[in-house]
Amino acid sequence: MADANADAAPCPCGRPADYAHCCGRWHGGALRLQAPDAESLMRSRYSAFVRSDAAYLLDTWHPSTRPSTLALEPGLRWLGLEVKRHRPDGDARAIVEFVARSKQGGRAHRLHELSRFVREDGRWFYVDALADPAADQPKRTA
C-alpha cells in the first residue's frame, strides 16, 4: 500500500509537483516505466535512489550495461538534484548532465555526471555515464 504522506510530499527530483504526480507515476501504476523523455527518466531515477527503489533503477537500466544486482549504500542521504542540461539527439538518444548532492557519515558528496540514455520500443533507458562531464563541452580557444 502506498504511503499517502510520501505521495503528497514534494518530489525529490526538484520539479514543482508532489511525488505522486511527478516521479511517482513513473515508479508505479499504469504509467510505470513510461517517462516521456530522458530528463524525466533521469529525474525519476534520482527519486528512486532517494526512495531506495533498486527494482526501478534496474528496470530503467539498459540491458547492455545493467548490473545483475544493485546494492544501495545504507545511510546515504540524498540532498538535492540540479539538472544542468538535457540534450536530445533525435528521438532515440539523449544526454543529461546533472549534479546530485548527498551526505553520508557527516561528509557531503557531489556527483556531477553526464549520462547517456536511449529510447527503445517507446521506453527510455539509462545506458551509462561518460567519464568526464567536461569532455562533452566544446573546447574554448583564446
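View 1. At 4% relative accessibility, Cys22 counts as buried, where buried means under 20% relative accessible area, exposed over 50% and partly exposed in between, with a 1.4 Å probe and protein chains only. Cys13 is buried as well, with a relative accessible area of 0%. The structure holds zero disulfides, a disulfide being a pair of cysteine sulfur atoms within 2.5 Å. For Cys13, the nearest cysteine sulfur is that of Cys22, 3.6 Å away. This is a predicted model, in which local features need pLDDT of at least 70 and side-chain atom pairs count only at pLDDT 80 or more, while totals for chains, interfaces and linings use all residues. Residues are numbered from 1 along each chain as its sequence is written, and side-chain values use heavy atoms, with hydrogens and water left out.

**View 2. The whole chain.** The chain has four helices and four strands, which are DSSP runs numbered from the N terminus (helices H or I, at least four residues; strands E, at least two). Read along the sequence, these elements follow the pattern α-α-α-α-β-β-β-β. Of the 142 residues of the chain, 36% count as buried.

View 3. Because 11 of the 13 residues of H3 are buried, the helix is largely enclosed by the rest of the structure. Among these buried residues are Leu41, Met42, Arg43 and Tyr46. What covers the buried residues of H3 includes helices H2 (24-27) and H4 (54-59), together with strands E1 (77-89), E2 (93-104), E3 (107-120) and E4 (123-130).

**View 4. The two ends of H3.** At the start of H3, a side-chain oxygen of Asp37 reaches to within 3.2 Å of the backbone nitrogen of Glu39. H3 is followed by Ser52, whose phi is positive, near 55°.

**View 5. The largest pocket.** About 480 Å³ of space lies in the largest pocket, a pocket being, on a 1 Å grid over the protein atoms alone, an open set of points where a 1.4 Å probe fits, with protein on both sides within 12 Å along at least five of seven lines; lining residues have an atom within 4 Å of a point. Of the 24 residues that line this pocket, the closest to its centre are Phe49, Leu72, Leu76, Trp78 and Leu111. E3 gives the most to the lining, with six residues.

Technical notes: Contact means heavy atoms within 4.5 Å. A polar contact is a pair of N or O atoms within 3.5 Å; within protein, one must be able to donate a hydrogen and the other to accept it, and residues adjacent in sequence count only if both atoms are side-chain atoms. Grid points are joined across faces, edges and corners, and a volume is the space filled by probe spheres set on the points.
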